[in-house]
Amino acid sequence: MNSPAANSPAPVILTGDRPTGPLHLGHFVGSLRNRVAYQDEYRQFVMLADAQALTDNMDDTGKVHRNVVEVALDYLAVGIDPTRSTIFIQSQVPELAELTFYYLNLVTVARLERNPTVKAEIVLRGFERDIPAGFLTYPASQAADISAFKATLVPVGDDQIPMIEQCNEIVRRFNRLANKDILVECKALVPEIGRLPGIDGKAKMSKSLGNTINLGDSADQIRAAVKQVYTDPLHLKVSDPGHVEGNVAFLYLDAFDTDKAALEEMKAHYTRGGLGDSIVKKRLDTVLQEMLAPIRARREEFAQDKGQVLQMLKEGTMKAREVAAGTVDEVRRALGLSYF
């Protein structure tokens, strides 16, 4: 495949995950499989956001650092190639914390509190007014992560668009202060298939809700989870007409079944009646088993040498630091903080 880099610098993407647990189907459909494709077209930085994860996990820091390598294994298993994507650990790039500190002077507390994404996450976590300051100021931290690599594209869900907007506000304000364009604005890259619901039908597949199918799950774990998948509560008899809308089994099939013609026939049969949920779930189990088996096998292979995985992370982090340090040097000079 021809890369834009052959004639001009490839656009830069920044993406990543909080390492608070294993990655699941929601991550796969929302971001992971796109990252595999992006690495052929873009210069991609993939961040293990361990520092950001601490903003609401300071009572269990072990959960965060234990999962850094586990999430890295998921990356490798799905096909993210460290020779084509730079995979790095956020906390080991101190330049990001330095940029965050500067950017906090470019945004008000009131503006942070108005950020719709932050407001929604505060409600979700039940913080009320006991909000960790690090959590509240996450938009400044994310702006540092993005701008440090001068990323122009950031893959996010619809719910994260306000974060991208606030990042660009900070970038514009800094550039006005510097009287030149040092930082670059970015655009949200929203995937065609957005958030995947949990197996229980709730709006979000989430580790904390326990409604996930993880990428590293065994065949038996996948089979057991599929049996619990929410379908149509009104579909009481096989002969009853069923509803496809809101039916998690069909939502998953839409996301992962490659035989679209056969799937449409199954939907039509289910809608007119005469097709049981067990048949739909059997198809879903087959699809997921075939898709996840090679991912699980690669993950187990990489897991045999976690030292090599750490070495890969070290090398990626060194590359990321080099890029971030260049941006920090420009920022310091613009602020008059280069004395020697």
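Analyst: The predicted model holds 20 salt bridges. One of them pairs the side chains of R321 and E95, with an N to O distance of 2.8 Å. R321 belongs to helix α14 (residues 306-335) and E95 to helix α4 (residues 94-103), so this bridge ties together parts that are 226 residues apart in sequence.

The side chains of K150 and E330 meet at 2.7 Å, N to O. K150 is partly exposed, with a relative accessible area of 26%, and E330 is partly exposed as well, at 32%.

A further salt bridge joins K267 and D254, at 2.7 Å from N to O. Here K267 sits in helix α12 (residues 260-272) and D254 in helix α11 (residues 248-256), so the parts tied together are 13 residues apart in sequence. K267 is buried, with a relative accessible area of 13%, whereas D254 is partly exposed at 31%.

Salt bridges also link R18, D56, E121 and R125 in a network.

As for the chain as a whole, the mean positions of its 40 positive and 45 negative charges are 2 Å apart. Of the contacts between residues at least 6 apart in sequence, 77% join residues at least 24 apart. Buried residues make up 49% of the 340 residues.

Notes:
Residues numbered from 1 in each chain as written. Predicted model: local features only at pLDDT ≥ 70, side-chain atom pairs only at ≥ 80, totals over all residues. Heavy atoms only, no water. Buried < 20%, exposed > 50% of the residue type's maximum accessible area, 1.4 Å probe, protein only. Contact = heavy atoms within 4.5 Å. Lys, Arg positive; Asp, Glu negative; His and termini not counted. Charge placed at Lys NZ, Arg CZ, Asp CG, Glu CD. Salt bridge = Lys/Arg side-chain N within 4 Å of Asp/Glu carboxyl O. Helix = DSSP H or I, 4+ residues; strand = E, 2+ residues; numbered from the N terminus.
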